[in-house]
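Please keep the structure open while reading these notes. Each point can be checked by eye.

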Amino acid sequence: MWLLLSPTRLEAPFLKGEPFAFLAWRGLKGKGFVYLETGIGKVNAAMALAAYAVRNPVEKALLFGLAGAYPGGPSLGEAVLVGEEVEADLGLKEGLAPLGFPALVLGERRYFNRFPLDPGLTQGLAQGLGLKVAVGLTRDLVSETLEEALALAQRWGASLENMEGAAFARACLALGVRGAELRALSNPAGVRDKARWRTKEALSALAQAVRQLLAEEGAP
Ligand SMILES: O=C(O)c1cccc(C(=O)CC[C@H]2O[C@@H](n3cnc4c(=O)[nH]cnc43)[C@H](O)[C@@H]2O)c1
C-alpha cells in the first residue's frame with residue numbers, strides 16, 4: 001500500500017478514490033493507495049507526512065509533482081525519479097556545514113543540506129517505470145531568473161527545482177519511512193513566461209507514471 005502525496009490536487013486529477021479529511025489535509029482512499037494533498041512548500045510536505053505517519057502505518061511513500069528544469073537537466077514534459085534532494089535555503093548561501101549544525105543526525109551519519117530518498121525503492125521504480133534518476137533542489141522561493149537558476153544548479157549539482165522534496169526526504173529519514181519522489185518537468189527553472197511552460201505534458205507524464213506504479217502494485 002502506497003502513501004501518495006502531491007503539493008496540489010492539480011497534480012493528481014487522475015486518482016480516483018473515496019474522499020476523506022485528515023487534520024488540515026484532504027485526501028483519497030483508493031485501490032492500493034492513500035493520497036494526501038499536502039499544500040505547497042517544505043513545511044506543508046513535512047507536516048503532512050509526519051502527521052499521517054505517526055498515526056498510521058506507512059509501508060512506502062511517494063511524493064509526486066511538477067518541477068522546474070535547470071539548464072542541461074531533464075527535458076520539459078519528462079518524468080524522473082529524484083535520488084537525492086538538496087535543501088538549498090538552509091544555513092548560509094554555502095549551506096549549513098559552515099555553521100556546524102547538522103539538520104539531522106541518524107547514528108553516525110550527519111546530514112546538512114543533502115538528503116537521499118530510499119535508494120532501493122528509487123532504483124526499483126526507475127527500472128520498473130523506465131525513468132532516469134536526478135538530483136533535486138528544494139527552496140521555498142522559486143527561481144525568478146535564469147541566472148539565479150543556473151547559479152543554484154551549479155552550486156549544488158542539481159538538475160531540477162521544486163519546493164517540497166528535501167523536506168519530504170528529510171522527514172522520511174527521521175521517521176524511518178521508505179520514500180521515493182517522482183517529478184515531471186513543467187517549466188524551465190527561472191523562466192516565468194508561461195508560453196514556454198509545458199505543464200500539460202508534465203501532468204500527463206506524472207499520471208502515466210503513477211498509474212503504472214499502481215498497476216504494478218496490484219499485479220500478482
Ligand atoms: O510564477 C512563477 O514564476 C512560478 C514559477 C514556477 C512554479 C510556480 C508555481 O507556482 C508552481 C509551484 C509548485 O510546482 C513545483 N514547481 C514547478 N516548477 C517549479 C520551479 O521552477 N521552481 C520551484 N518549484 C516548482 C513546486 O514544487 C510547487 O509545488 C510559479
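Predicted model: local features only at pLDDT ≥ 70, side-chain atom pairs only at ≥ 80, totals over all residues.

1. The count of C-beta neighbours inside 10 Å is 15 for Gly30, so Gly30 counts as partly exposed.

2. Where does Gly30 sit? Gly30 belongs to strand β3, residues 25-30. Beyond the neighbours within four places in sequence, Gly30 is in contact with Leu15, Lys16, Gly17 and Tyr35. For Gly17, the separation from Gly30 is 13 residues in sequence, yet 4.3 Å in space, C-alpha to C-alpha.

3. Turn next to strand β10, residues 133-138. Five of its six residues are buried, so β10 is largely enclosed by the rest of the structure.

4. Which strands pair with β10? Strand β6 (residues 79-87) pairs with β10 in the parallel sense, over six bridges. Strand β11 (residues 160-162) also pairs with β10 in the parallel sense, over three bridges. Thr138 of β10 is the bridge partner of Glu87, and Thr138 also stands opposite Asn162 in β11. Between β10 and β11 the chain passes through helix α3 (residues 146-156), and this β-α-β crossover is right-handed.

5. Which residues of α3 are buried, and how are they arranged? Ala149, Leu152 and Ala153 are buried. Viewed down the helix axis, the buried residues of α3 fall within an arc of 100°, so they line one face of the helix. These buried residues pack against β10 and β11. The face turned away from the buried side carries Glu147 and Gln154, which are exposed. Just after α3 comes Gly157, with a positive phi of about 65°.

6. The last point concerns the ligand. Which of the 16 residues around the ligand come nearest? They are Pro7, Gly68, Asn162, Met163 and Arg192.

7. The strands β5 (60-69), β11 and β12 (179-188) each supply at least two residues of the shell around the ligand. β5 gives the most, with four residues. Sorted by class, the shell has seven nonpolar, six polar and three charged residues.

Methods. Residues numbered from 1 in each chain as written. Buried ≥ 20, exposed ≤ 12 C-beta atoms within 10 Å, placed from the backbone. Pairing = 2+ DSSP bridges. Right-handed = clockwise from strand over helix to strand, strands pointing away. Arc of directions from axis to C-beta. Contact = placed C-beta atoms within 7 Å. Near = placed C-beta within 6 Å. Nonpolar A, V, L, I, M, F, W, Y, C, P; charged D, E, K, R; others polar.
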